[in-house]
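This report looks at how parts of one protein chain pack against each other. Please keep the sequence and the 3D view at hand while reading.

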Amino acid sequence: MTSYEAAGVDIEAGERAVALMKDKVARSRRPEVVDDASGFAGLFDASALLRFQRPLLATSTDGVGTKVMLAQQYGKHDTIGIDLVGMVLDDLVVCGAEPLFMTDYIACGKVVPERVAEIVGGIAEGCRLAGAALVGGETAEHPGAMGPDEYDLAGAGTGVVEASAMLGPSRVRAGDVVLGLASSGVHSNGYSLVRHVLREAGLSLDADLPELDRPLGAELLEPTRIYSLDCLALAREVEVHAYAHITGGGVEANLSRSLPGDLDALLDRSSWTPPAVFEVLAGHGGIGRRDMDRTFNLGVGMAAVVAPSAADPAVRFLAERGLPAWVLGEVVPGAGEARYR
């Protein structure tokens, strides 16, 4: 007689994983979350939106890409979920939306309850840092399709913004100032190139390099900075016109998406020094400047376009919140492109 377990799916392990993650998920709870006794759906009290005159719901979905492969190789699973939240919820804040809740999906070759709980714990912590609730998710075991130590994760988030307060290209004006908001490192983009460099250069994740103050693997797995609460607070404090989340494509490509067709952003490359990890990747990989610019954030995780009078107050305000920021460039007449001087 055969069974589901004989086919590679351990139902009891899945149930244990759920039990282990409950306390961690509870830390991300918001007062609007409503319990669903069946557990089939996450519930959020929409009456919370009545405080808006014209609430616009914003949604985003994403994954973490091949950074998960380094997490698996290095055996560190408790922060990869923070990366997922950064990729999903920080996209929402670009239009000024407040993240409300998020759901996740984890597929793995074999459910190891403790490992799944670590992953979900990271997602819950990321949601807490973004001010959102983790209201549900799914863990699926895919024996045969994935190795026993392999997994992948994805998520979807929902936020809300008052229609009259929505940020974006239509608000940007000539003379505006572009601020760079520091990244925590490589974040979650460009890891196919990262892995190529490691492989071709023969670099181990345990390598201690003179440019870094910790092992290379720890540096590469530094979780994505969560900007949501800082960006929302800044928009309440000063006149913000637009944000750009610097993900795949780098600063120029992503910032261009937040500009109108008749304006450019001129950026000053000398205004900041990229973190050392980017020097390591460029040097060991023989990567040229153009490819570095198009692949990595290079130390700029989010850009803010603000009114000229708001630039200095914004930098001070963010510094008080522990987020380094600086004047990265200016908005001038053009054709809708962000480019270095």
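This is a predicted model: local features need pLDDT of at least 70, side-chain atom pairs count only at pLDDT 80 or more; totals for chains, interfaces and linings use all residues.

**Nonpolar cores**

The largest nonpolar core has 74 residues. Within this core, the members that touch the most others are L153, V178, L220, L255 and L267. In soluble globular proteins, nonpolar side chains tend to be buried together.

Which residues does L267 touch, leaving aside those up to four places away in sequence? Its contacts are V178, V251, L255, L328, G329, A338, R339, Y340 and R341. Two of these, V178 and L255, are also on the list of core members with the most contacts to other members. Apart from this core there is a second, separate one of 25 residues, which includes V93, V177, A304 and L318.

**Helix pairs**

| Helix pair | Axis angle | Axis separation |
|---|---|---|
| α3 (80-92) and α4 (113-130) | roughly 45 degrees | within 6 Å |
| α7 (228-237) and α11 (311-320) | roughly 140 degrees | within 10 Å |
| α2 (67-74) and α5 (191-201) | about 45 degrees | 8 Å |

Take α3 and α4, whose axes cross at roughly 45 degrees. Because of this angle, α3 is oblique to α4. The crossing of α3 past α4 is right-handed. On the α3 side the contact is made by I80, G81, I82, L84, V85 and L89, and on the α4 side by I119, G122, I123, E125, G126, C127 and A130. Sorted by class, this contact has nine nonpolar residues, three polar ones and one charged one.

For α7 and α11, the axes cross at roughly 140 degrees. The contact of α7 with α11 holds five nonpolar, no polar and two charged residues.

In the remaining pair, α2 and α5 pack at an angle of about 45 degrees. This angle makes α2 oblique to α5. K67, M69 and L70 of α2 form the contact with Y191, V194, R195 and L198 of α5. By class, the contact of α2 with α5 divides into five nonpolar, no polar and two charged residues.

**Residues in loops**

H187 sits in the loop between β7 (177-182) and α5. Its phi is near 60 degrees, a positive value in a residue other than glycine. Is H187 buried or exposed? H187 counts as buried because its relative accessibility is 2%, and the cut-off for buried is under 20%.

L298 also has a positive phi, about 60 degrees, although it is not a glycine. The loop that holds L298 runs between α10 (289-295) and β10 (300-306). With a relative accessibility of 8%, L298 counts as buried.

V112 belongs to the loop between β4 (98-108) and α4. Its relative accessible area is 26%, so V112 is partly exposed. How far apart in space are V112 and E12, C-alpha to C-alpha? The distance is 11 Å, while the two residues are 100 residues apart in sequence.

Note on methods:
Residues are numbered from 1 along each chain as its sequence is written. Side-chain values use heavy atoms; hydrogens and water are left out. A nonpolar core is a set of buried Ala, Val, Leu, Ile, Met, Phe, Trp, Tyr and Cys residues joined through side-chain atoms within 4.5 Å. Buried means under 20% relative accessible area, exposed over 50%, partly exposed in between (1.4 Å probe, protein chains only). Contact means heavy atoms within 4.5 Å. Axes are lines fitted to C-alpha atoms, for helices over the stretch in contact, and angles run from 0 to 180 degrees between N-to-C directions. Helices (H or I, at least four residues) and strands (E, at least two) are DSSP runs, numbered from the N terminus. Angles under 35 degrees count as roughly parallel, over 145 as roughly antiparallel, 65 to 115 as roughly perpendicular and the rest as oblique. A crossing is left-handed if the near helix is turned anticlockwise from the far one by less than a right angle, and right-handed if clockwise. Ala, Val, Leu, Ile, Met, Phe, Trp, Tyr, Cys and Pro count as nonpolar, Asp, Glu, Lys and Arg as charged, and the others, Gly among them, as polar.
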